[in-house]
Protein chains: 2
Amino acid sequence: MNVGILGGGQLGWMTILEGRKLGYRFFVLDRNPKSPASRIADGWFPPEKVGEFSRICDVITYEFEHIEEEVLENLEGNVLPSVEALRIKKSRANEKGFLSRLGYPLPRFEVCRLENLEEAVRSVGLPVVVKAERLGYDGKGQYRVFSLKDLGKIRENHSEGESFVVEEMINFRAELSAVGVRDRRGRIKVFPVTQNVHEEGILLYNWTPESSVVEREVVGMVSGLMEDLSIVGLLAVEFFLTETGDVLINEFAPRPHNTGHYTLDGAYTSQFENLLRAITDLPLGSTKLKIPSGMVNILGLSLEDMELEEILSVEGTRLYWYGKEKRDRRKMGHVNVVAKDQETLKSKLHEVLRRIYQKEYSLP
Amino acid sequence: MNVGILGGGQLGWMTILEGRKLGYRFFVLDRNPKSPASRIADGWFPPEKVGEFSRICDVITYEFEHIEEEVLENLEGNVLPSVEALRIKKSRANEKGFLSRLGYPLPRFEVCRLENLEEAVRSVGLPVVVKAERLGYDGKGQYRVFSLKDLGKIRENHSEGESFVVEEMINFRAELSAVGVRDRRGRIKVFPVTQNVHEEGILLYNWTPESSVVEREVVGMVSGLMEDLSIVGLLAVEFFLTETGDVLINEFAPRPHNTGHYTLDGAYTSQFENLLRAITDLPLGSTKLKIPSGMVNILGLSLEDMELEEILSVEGTRLYWYGKEKRDRRKMGHVNVVAKDQETLKSKLHEVLRRIYQKEYSLP
């Protein structure tokens, strides 16, 4: 079985590591032959060779959303999840519109152009989050706006004609997410819900809390949305749990997700293996939890910047190092953590955070 | 970090899959460039290029014992575990002699040449197991001898001057094993003991039973032997639990072991990752069990010979497919199994065995 992956980042890298166990061969399409997944694939293709790439692959999946339109148009064969799901996700306005039309609970929002920004902000009501329509991930192109003065920076960074989603700023009690998997016959499994903590728009750490009253609501929405998008593969959905106990959808992604990395060590089957099982017509693996687990991202640090020995001497930790060039706040790797119970898990996560970043964190 | 592996089989393959997570690069020395580990390594070397191989590697380990003497003699640099440990293991007579001198409990045995076989058999007393001194693994070169007539076959297959170990045949209640890991500073951890079932001298399946009264005895012997052999890396030890409750050492291997494959899904850290942590001076990972687990070997079957869909639809199963050419009774892959409790685990192992081999097995 030859599996193609659009994108060569760490999500593709982990998909390959997991998929090798199934005996599959992997081909990566990415501009960079030294990207994490390109380096360990059986073959690498630049975007210009999308035709050749397509022909060698029995099935193609993707590991990030921002794939050039020219590549999408020239893909041949079996792309899973569908390019349609990807196209909806590629535009924040489409994503919000799609969810809103189907009646999923969302923060109030408006779509506007740069020239109508103030109007949209007034209509939604301060404070708001303004998100550039395209190429927004890991907090890029996102602005927290508390007063109209804050719009100045957005006007500086962007040009007339650019589109934005203006969204009410949610005063959340917790950020949650769940990754679901759906196979070609429509069978669905959903991994346990995690609680996530972001820092400057980038996931810092997450863990599997004790199952809560909203678990059923979350699983229902993930399942419903997988059907609405006709997903074959993975769908990750991020939620806000509001102060009043409501669950609102923040965003979704039809691919492996940073908040699902814990599944490599904590779940019966990882998100990456289940993606491959789904798109290659193998039975979905169990999404049950083996043991309470969590993850800490390593942001903007090289191996030399850390005391690796100290970090890995915390019991139940494993390192995943992507081998990327260091950049400020870039996701360089992560540490998975497992522990026999919730309390131990939290104290270990705390310890790992402290040892990576050399400062104290107060965990929720 | 450049890690060299002598041998390109599935043990090397799994070591690479696990080691990629730590960001290491891997170089394999093996006659076959298409062996499982050679195919996924960063570089492959034939035995003739042992010098070049040595120079590129920061540390070298091995994944099987039967490495050509010429390779061992021409290795430069840091080989862990030591070549001395390997040399003891390469000869069954040395292995037995070493254990016996140090007072470890063993089945009674004698070492002899082909021409003195009958004498040795009489001295040990029928029934016995006769094992060729060298190149014996997976039941190769082993003979169960119930009467002197059975010696005819051995005389046919071997030549004068060849050496043998003649060993009392143990009427065992169970076969057990445990894999230990020891780092450069002498710190030791031992993975949980497993119960193993062989068929025609080859491991068929194993699992982690409830901890037993002999657990402490086994862990003590594994730890002691790691010190006696000055192991840096892994040591797997196989035991007989006799009808009378004694624990005897059957054999050892200073490398990853088939009976430790369950650690990939069942333990906090896998045997492969702990090998790498030990030889690259990272803190040893916890050897605790996350969840009851076991393994079934896939012997002599291709993917086409099996109903993979049926096998993987047993909850808690994962496939490891080595990508080797099919041969009679060859280890082609394995299925790891995890389950919430012992009873469920046993019934799942039974189900997986039945679905792979299309026949009934009675589990102990």
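**Group meeting: a two-chain predicted model**

Hi everyone, let me start in chain B, where strand β5 (residues 109-113) and strand β8 (residues 163-168) pair in the antiparallel sense over 5 bridges. Two strands pair here if DSSP finds at least two bridges between them. Helices and strands are DSSP runs numbered from the N terminus, helices being H or I with at least four residues and strands E with at least two. Within this pairing, B:Val111 stands opposite B:Val165 in β8(B). Strand β6 (residues 128-132) of chain B is also joined to β8(B), again by 5 bridges and antiparallel, and there B:Lys131 stands opposite B:Val165.

A word on the source: this is a predicted model, in which local features need pLDDT of at least 70 and side-chain atom pairs count only at pLDDT 80 or more, while totals for chains, interfaces and linings use all residues. Residues are numbered from 1 along each chain as its sequence is written, and chains are lettered from A and ligands numbered from 1 in the order in which they are written.

Now, the two copies. A rotation of 180° with 0.0 Å of shift along its axis superposes chain A on chain B, at an RMSD of 0.0 Å. They are thus related as by a two-fold rotation axis. The superposition is by least squares on the C-alpha atoms of residues with pLDDT of at least 70 in both copies.

How many residues of chain A are in contact with chain B? There are 26, meeting 26 residues of chain B, where contact means that C-beta atoms, placed from the backbone, lie within 7 Å. On the side of chain A that touches chain B, α1 (10-20), α12 (308-312) and β16 (317-321) each supply at least two residues. β16(A) gives the most, with 4 residues. By type, this side divides into 13 nonpolar, 7 polar and 6 charged residues. In that count Ala, Val, Leu, Ile, Met, Phe, Trp, Tyr, Cys and Pro are nonpolar, Asp, Glu, Lys and Arg are charged, and the others, Gly among them, are polar.

On to the helices of chain A. I call a residue buried if 20 or more other C-beta atoms lie within 10 Å of its own, exposed if 12 or fewer, and partly exposed in between, with C-beta atoms placed from the backbone. In α6 (residues 92-101), A:Arg92, A:Glu95, A:Lys96 and A:Leu99 are buried. They cover an arc of only 90° around the axis, which puts them on the same side of α6(A); the arc is that of the directions from the helix axis to the C-beta atoms. Among the elements covering them are α5 (83-90) and β14 (247-253) of chain A. Just after α6(A), A:Gly103 takes a positive phi of about 85°.

In α7 (residues 117-124) of chain A, the buried residues are A:Leu117, A:Val121 and A:Val124. Seen down the axis, they fall within an arc of 70°, so they line one face of α7(A). They pack against β5, β6, β7 (142-145), α8 (151-157) and β8 of chain A. Next comes A:Gly125, with a positive phi near 95°.

And how many residues of α11 (residues 271-279) of chain A are buried? The count is 9 of the 9, so α11(A) is largely enclosed by the rest of the structure. Its cover includes β1 (2-6), α1 and β9 (172-182) of chain A. α11(A) is followed by A:Asp281, whose phi is positive, near 65°. Thanks, everyone!

Notes
Two residues are in contact if their C-beta atoms, placed from the backbone, lie within 7 Å.
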